[in-house]
Amino acid sequence: MPEAKKPAAKTDKAAAAPADTELPDDETVPGGQSELTGLFVERPESTTVIKGKNVTFVAKVDSSDLLRKPNMKWLKGKWLDLGSKAGKHVQFKETYDRNSKVYTYEMSIIKVVEGDAGGYRCEATSKDKCDSCTFEVTVEAVQEEQPANILDAFKRSGDAGEDAGDLDFSALLKKREKKARDEPKEEVDVWEILKDAKPCDYEKIAFDYGITDLRGLLKRLKKMKKVEPKKSDAFLKKLEQCYSVDKGKRTQMHVELHDPNVQVKWLKNGVEIKPSAKYVFECVGNKRTLTINKSNLSDDAAYECVVGEEKSFTEVFVKEPPVTITKLLDDVHVVVGEKVEFECEVSEEGANVKWMKDGVELTKDGKYRIKKDGKKHTLVINEATIEDIGMYYVYTNGGESKGELEVEAKELEVLQSIADLSVKACEQAMFKCEVSDEKVVGKWFKDGVEVKPGNRIKMSHIGRIHKLTIDDVKPQDEGNYTFVPEGYALSLSAKLNFIEIKIEYVPRQDPPKIHLDTSSTGSKNTIVVVAGNKLRLDVEITGEPVPTVCWMKGDTVISEAEGRVRVETRTTLSSFVIEGAERPDEGQYSIIVTNPAGEDRAELNVKIVDVPNPPENVRCMGVGEDTATITWDPPKFDGGAPIKGYLMERKKQGSSRWTKLNFEVFESTTYEAKKMIEGVFYEMRVFAVNGIGISQPSGNSKPFMPIAPTSEPTRLTVEDVTDSTCALKWRPPERVGAGGVDGYIIEWCKEGEDNWVEANKEPVDKNTYRVKGLPTGEKLLFRVVAMNIAGRSPPCTMKQSVIIREIMENPKIRLPRQLRTKFIRKVGEKINLVIPFQGKPRPVVNWLKDGEPLENKSVGIRTSDFDTILFIRSAERDHSGTYTLSVQIDNMQDKADIHIQIVDKPGPPINVMVTDVWGFNAALEWKPPKDTGNTDIIGYTIQKADKKTQGWFTVYEHNRRPSCTASDLVMGNEYSFRVFSENICGLSDEVAFSKNTAIIGKTDLEYNKPAFKEKDMSSSPKFTAPLVDRVVVAGYSTAISCAVRAYPKAKIVWMKNKMIIGEDPKFLMQNNQGVLTLNIRKPGQFDGGKYSCKAINDLGEDEVECRLEVRVLKEKKEGDEEKK
């Protein structure tokens, strides 16, 4: 047999493989990058592979623009998912390059067999993007290469050495025999003969030219012949492979048919589509169109167009619009340990957003929480630390926003430090300190060694106060004591001095002496105490014998009893104690010591200092586009210490989150707040700061809105000019802003001057204004300024000057179209006629009715410069007539007539009579009503009533003549009649009754009853409703139905594929008054086929059939494969 075509070289294709992918030597990589679109950076290409070899296909996907990892599928043919075939024969590999953000997918086929040949497809899908590509695999048979050297065909028999054994020429004979068979190929091209020959002559030609492998011959011929695509009998042009449409947009799918009269069906995921407002079917000639309006995600599906047995498939991919950020992130400033919330809003509910910091995506863990509430997305940091400082970003597929987080270290403030103590034996020593944070805990140390509580030593922590108490002090308790708060680089130290008691006998007396040292307080004999702190002043006293001590505030003696303000006295030491100093404790104090040897006295001043009162009267003095100027009054009480400055905070109205505006103390009482959002209401508050601390916040300012003045008004034009006035009109500003427009100020000046005069003191709301009191004959310029809370806008100035002079214009009435004919209204309705006119100077307006002056008080007249109004609140019939309007300027005049007709319901007809009675008929006549309602009678309504029931029934409506004939009257009854008049207002309120009645006499009539004939109901079976072809989903119960008519009752037989369905529990057959139903419980793939129903009785039989197709959901298949 001639040699088959050699496979393509592998070296070139292997070169196109990625450098970081190592492949075995026997694998082939379909190579070559082509010009790519969509998601693919590199696509697999068609290749030819030798049977038994390995082949690898590589696809690369760029994920830099994707929110999530793409999903890759490898398919063979149209539907076969190769993911379910993964194993030794088909293998998959996936890698990811973080630098280039490119996913590399590989599919390897190990030891290719002939069944692997065919078309393949790979699909890469993300949430809103999709891309696919196709490639072909061709498998060729293995070729046996013959030795090039004829001597290689010689071999010796046996296992001896090179020269041992007998020569074996069998290999040589085979080669010569094959060479002899190939001789015809050199003379004649057998394949050209076979291409043009008939299939029935293949065997004869092969025999003539020595070809024995007929199967290989047929395979090669099949490859040589160009396979033309099968032409469709139904479609001239099929659907495109896929369609892509944006969410909310419209998409159309077209097919062209051979037969313009054939009917088509459109299916979506195997279910027939019915025409509706969303799905519109169009048929123009042989072209069929399916239009999908307002596409949404549910329209992302597979679609089919079915014509008879042929189908055309396509897929529709719906792309969601990009999600934008409508509310940006705000900067946040917090203290260590506080909760942080970044909040933004997006344009779509349920959209996915990505939070990042320093290039790292933030996910839900113990530190971060991410919340979604409709369009609102929030990033929460439970307890902020210094490490959290930085810029935070939020990303969507249509935008991004950033916000900066500033975290301030939490400082611990010492409100009262511990003091040195000097105690005697067996006395109690108590160290006490106070810090600003109640939650702070700490440890006590003595000479660097932690103090442990015991019987004599006790430690307490109540609120902000920490105490160390030592009972029954001993000499070994002397030393340095330190309190160290946990978590802060801070320590408070004091010394405990143990005083030994020495008793000496001094026979002589010494006068008392007060040893008072206040030099450390700054001023002589003045002690400054922070409000709320404890004051303990220990004064050493000497004298012999022991002097008596007396403390006084003014003229009041301070007792030694227990209390907030008390005196503790020892032999040589007197202590003045104030627990929790308050402002009333401030004042002049004196200490007096006396003994028999004399007296000593000392004065001291106690000054209480505190945080200042909050500032007052915080108010906004002015605003800009994103700024506001805030001012306030200093606090009434500065706390006894000079005010160092102020701290400001602001918040949005309705919010509870305050934002600090300054971290350094601001000394002035006027502050300009910046970086605000225009159109948002803000509130401000201020803290005062002195040497003691920060005051309570001031009251909130009134809400204010940062806004900017509007742009200038546009299109300023002159509408009218008189001798002293000028009417102007203009358009609103193009940029209004959040402050809106409060009104407009109009200004004018003479041409060539710059002295602008305001025409209106208060802003006007309308876009028109008449400037009055202008100098006659002058050339004036005008300009308009828009006003809002932010101030004046730039002016819009008229480019050309205007001469103030009256323009003459003849009087002219512009009568509306509806008043040029007769104006008709009903009694009681309102009349409001607006008639415009023109003329300069203002014409004189006059009204007449029927040629006489209009003096009726119920008719009102209002006249302006441009129109006149005639109004009647409740129309009466006497208002009917011809109204004449005249406008006159000097001897020039214009007139117009208006015809008004007021109509009402008519009166009843006159003299209704029954003029004749015959058979079942009665003739009526009457005369028209006296009162026609000021309009024409358009008809009459006639009603009848018999004497028995007295019920009235209408005989005629809109009868135009004053006579009629009542027919179909009942024999033996006596009838009376009544008549209504009718005009354009309706029927008359009163009715006219007939003066006489019509009596219908009885006649002799005989009824011959026909003989009864029974109808023959027998009939052969006939189906009135056939079975309908159906496509169902596997696993969901279904039913097929039809309807039959037969008498006597027919026997029903159900069949599947011409086989009778017996007592199979999967099928349930029902017959409800001729409606036949076959229920199929959870059908599978094998339950599809042709179902038929046969009805049989004695008169004949009838049969209907349908086709049932069972489809397995693609998602269900994939789920089962994943479980496997």
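Predicted model: local features only at pLDDT ≥ 70, side-chain atom pairs only at ≥ 80, totals over all residues.
View 1. Residues are numbered from 1 along each chain as its sequence is written, and side-chain values use heavy atoms, with hydrogens and water left out. Isoleucine 984 sits in the loop between strand 78 (974–983) and strand 79 (986–987), where strands are DSSP runs of E of at least two residues, numbered from the N terminus. With a relative accessibility of 46%, isoleucine 984 is partly exposed (buried means under 20% relative accessible area, exposed over 50%, partly exposed in between, with a 1.4 Å probe and protein chains only). Together with Ile824 and Ile938, Ile984 makes a nonpolar surface patch of about 220 Å²; such patches consist of residues with over 30% relative accessible area and no salt bridge, nonpolar side chains (Val, Leu, Ile, Met, Phe, Trp, Tyr) being joined within 5 Å and like charges within 9 Å. Areas come from the Shrake-Rupley method with a 1.4 Å probe, and for residues only the protein chains shown count as cover.

View 2. Glutamine 901, in strand 72 (residues 892–903), is buried at a relative accessible area of 13%. Beyond its neighbours within four places in sequence, glutamine 901 has contacts (heavy atoms within 4.5 Å) that include Ile824, Ser880 and Asn934.

**View 3. The salt bridge between aspartate 720 and arginine 770.** The closest N and O atoms of aspartate 720 and arginine 770 are 2.9 Å apart in a salt bridge, defined as a side-chain nitrogen of Lys or Arg within 4 Å of a carboxyl oxygen of Asp or Glu. Aspartate 720 is buried, with a relative accessible area of 9%, whereas arginine 770 is partly exposed at 22%.

**View 4. The salt bridge between arginine 783 and glutamate 747.** Arginine 783 and glutamate 747 form a salt bridge in which the closest N and O atoms are 2.6 Å apart. Arginine 783 belongs to strand 60 (residues 779–788) and glutamate 747 to strand 57 (residues 743–750), so the pair ties together parts that are 36 residues apart in sequence. Arginine 783 is buried at 17% relative accessibility, and glutamate 747 is buried at 5%.

Note on methods
Helix = DSSP H or I, 4+ residues; strand = E, 2+ residues; numbered from the N terminus.
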